[in-house]
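I begin with the surface.

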Amino acid sequence: MRLHDKSLLPTLMALLLLGSGVSLVVGAMSIGWKEALMGLLHWQWPTLLASEVEAQYAQVLGEVRLPRLLLGLSVGATLGLCGAVMQGLFRNPLADPAIIGVSSGAAFGAALALVFSGYFISVAGLWLQSFSWALLPLCASVGAGFATWLAYRLGNRGRSVVMMLLAGVAITAVAGAGLGLLQYIANDSALRDIAMWQLGSLTGASWSAVALSTVVLFAAGGFLWRRHGELNALLLGEAEASHLGVDTLRLKKLIILLSAIAMGTAVSVAGLIGFVGLVVPHIVRLLRGPDHRFLLPYSALTGAILLVLADILARILVAPAEIPVGILTALLGAPFFIFLLHQQRRQFV
């Protein structure tokens, strides 16, 4: 049943605020709601509350939990947005950055940057060393862009579900082999980083990662939302969209470029987090319909909520230890994917 915008948006915003509040108080260190508020006030205005207890809470909240929350919101929104855009590009409800190999391509690019970062910087010269922070998201974006282009070229022929899934399997296998080779030659530090990237986690959140992912999210999301009419026309088919005046080739290039930059950035700061981009657009279509004018922003909002809630579960299920959030989203999303495959089984005949 589709909901009116007046009822859906307040519901999503309430869930977002509730999930954000819970994310700040749960974890290895138990913090109450009042203490969380006092800690945030002390973090923002250190002279306002001079208590040693508030200072301890402020350090945990300001340096660990608040960046982790904001990173989860931006990455979840990016995954939801990219999932909706790719399903529109492929005109297929099973399209997802993780399933069609885009996330694996981004992870391979990020792993290249981790293993050969010293070599890249030495070759680039001293004048580029100040931009070394951009190497990881840049390599991840290039990997995601190539994987998206390849998946589209291989999987969009005849709009076959089988071809799309086979393209995803092939791309993931090649990227996995490349990751295995990089792990074999990597040093201990790079090996640990690659292992964490493959699991997907928000534990390494920092304010620089939050700033980067947020800027990319709003830039890519804004450009894509402005093309919502063209994306709606593309759902009818490329020929029909061309008759309606849409430059389909330019639109596809724009989608691939922006999705690659957004996915590459998300993978570079949080690792491989799958199935969010698959589940979220389906939820939004059921609630609000397929119009990209609403599908894109609501998918971003719902993706942010879903990833924050998954991160909360990852922290409390085996407390005081934590489950990598990428494992949890895969456990929750895989049954949904199997259900979608069951619904699409007639296309395999």
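I looked up the nonpolar surface patch and found Leu 313, Ile 316, Leu 317, Val 318 and Leu 332, with about 430 Å² of accessible area together. Patch members have over 30% relative accessible area and no salt bridge, and nonpolar side chains (Val, Leu, Ile, Met, Phe, Trp, Tyr) are joined within 5 Å. Areas are Shrake-Rupley values with a 1.4 Å probe, and for residues only the protein chains shown count as cover. I placed Leu 317 in the loop between α13 (292-316) and α14 (325-343); helices are DSSP runs (H or I, at least four residues) numbered from the N terminus.

The model is predicted: local features need pLDDT of at least 70, side-chain atom pairs pLDDT 80 or more, while totals for chains, interfaces and linings use all residues. Residues are numbered from 1 along each chain as its sequence is written, and side-chain values use heavy atoms, without hydrogens and water.

I next examined α12 (residues 276-288) against α13: their axes are 9 Å apart at about 125 degrees. Axes are lines fitted to C-alpha atoms over the stretch in contact, with angles from 0 to 180 degrees between N-to-C directions. On the α12 side, the contact (heavy atoms within 4.5 Å) includes Val 280, Pro 281 and Val 284, and on the α13 side Tyr 298 and Leu 306.

For α8 (residues 207-225) and α11 (residues 248-270), I noted axes within 10 Å, crossing at roughly 160 degrees. This makes α8 roughly antiparallel to α11.

Finally, I searched for salt bridges (Lys or Arg side-chain nitrogen within 4 Å of an Asp or Glu carboxyl oxygen) and recorded six in the whole structure. Arg 68 and Asp 311 form one at 2.8 Å, N to O. Because Arg 68 lies in α3 (residues 52-90) and Asp 311 in α13, the pair ties together parts 243 residues apart in sequence.

Definitions and conventions: Patches are made of residues with over 30% relative accessible area and no salt bridge: like charges are joined within 9 Å, nonpolar side chains (Val, Leu, Ile, Met, Phe, Trp, Tyr) within 5 Å. Helices (H or I, at least four residues) and strands (E, at least two) are DSSP runs, numbered from the N terminus. Angles under 35 degrees count as roughly parallel, over 145 as roughly antiparallel, 65 to 115 as roughly perpendicular and the rest as oblique.
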